Amino acid sequence: MDLSTERRQLVRELQALYADKSKHSVYQSLPEFIADELGLQFNIDEKWRGDAIRLRYILRYAERMGWVRDGAWCDFGANTGFFSLSLAHEMPHADVLAIEANVNHARFVKKLARAFKLQRLRILDRGIGRNQLDSIGRHDFLLHLNVLHHAGADFDFDQVKNVTDFPAYARNYLSSLRLQTNHLVFQMGWNLWGNKEQPIFPAIDDVVKLKILVSWLVDTGWKIEDIAYATHVDHNGECFPSLDYKPVSAIAVAGLFDQNFECALYEEMADFRLYEHPGEFYRRPLIICRVA
Ligand SMILES: C[S@@+](CC[C@H](N)C(=O)[O-])C[C@H]1O[C@@H](n2cnc3c(N)ncnc32)[C@H](O)[C@@H]1O
């Protein structure tokens, strides 16, 4: 693409679609290959929330586990496509399906997919509720990142009216999701609809929250393969989120299921210093599982 009228027009359209003032606007950055080419970036304050660091961790994990590079990926709740566009670019032989309820954001992804000739990236511009999950097809790898805790506000309005409804709903949802993928990369907020007044697990520590979330996954037929959290770096005595996620060790994961290892789990979780993050986002584990 050269510096043409067409490109300037594309940048203007992207800017308008990005900032559409909806609840999930201004959430993701642009993948570097797009930002460099267009001379356009939407800066996200990584101290509060990051996408590049999550992608890097997921890709590293995929490579380590030998996940095929021509597989079928689905990015559920794709937002402005940071993950879908990156995956389609990184793995040109993979089929990638981006599902996004916000039509402006879906158009944003479509425009970029077309401009960058990402022919194997498809975009479904629809909100999908639990009862429509089978319509998304079956995939090898499914990213389901930071969507589920919006049930009742963004979708399935009749099924989640408050936090009391959420655990049973979430377990049913996770159970249904097993039919749509072999591997699931899952992340969820701890507050229903992102509202601090509605904590899904009130007044309990990060270890107990993790234990409950993992029990939902295991009880609904998932095998946990990896759990990772964002890490910190110390800089002049101040603590910053580092540009990396780190897995919880096998012995600490054992502590989720076996009291004999619980001590290791608590020690390791303390090392993550999750309570020092300014917001709740980096306290959310990134969980990778497969159908048991
Ligand atoms: C909080 S954002 C998370 C974006 C991305 N997955 C991430 O973690 O960076 C949630 C996104 O999911 C979309 N979304 C919410 N419910 C959806 C549904 N039922 N079907 C498709 N998209 C949905 C929203 O429009 C929004 O763009």
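Reply: What follows is a close look at helix H6 and then at the chain around it. The model is a predicted one, in which local features need pLDDT of at least 70 and side-chain atom pairs count only at pLDDT 80 or more, while totals for chains, interfaces and linings use all residues. Residues are numbered from 1 along each chain as its sequence is written.

Helix H6 covers residues 166–177, and its 12 residues reach 16 Å from the first C-alpha to the last, close to the 16 Å expected (the expected span being 1.5 Å times one less than the number of residues). Helices here are DSSP runs of H or I with at least four residues, and strands are runs of E with at least two, numbered from the N terminus. Within H6, Phe166, Ala170, Tyr173, Leu174 and Leu177 are buried, a residue being buried if 20 or more other C-beta atoms, placed from the backbone, lie within 10 Å of its own. These residues lie on the same side of H6, because they cover an arc of only 95 degrees around the axis, taken from the directions from the helix axis to the C-beta atoms. An α-helix has 3.6 residues a turn, so residues three or four places apart point the same way.

What covers the buried residues of H6 includes strand S4 (139–145), strand S5 (181–187), helix H7 (206–219) and strand S6 (222–235). As for the setting, the chain has 9 helices and 8 strands, and 34% of its 292 residues count as buried. The C-alpha atoms of the chain fill a box of roughly 65 × 50 × 40 Å along the principal axes.

Methods: A residue is buried if 20 or more other C-beta atoms lie within 10 Å of its own, exposed if 12 or fewer, and partly exposed in between; C-beta atoms are placed from the backbone. Two residues are in contact if their C-beta atoms, placed from the backbone, lie within 7 Å.
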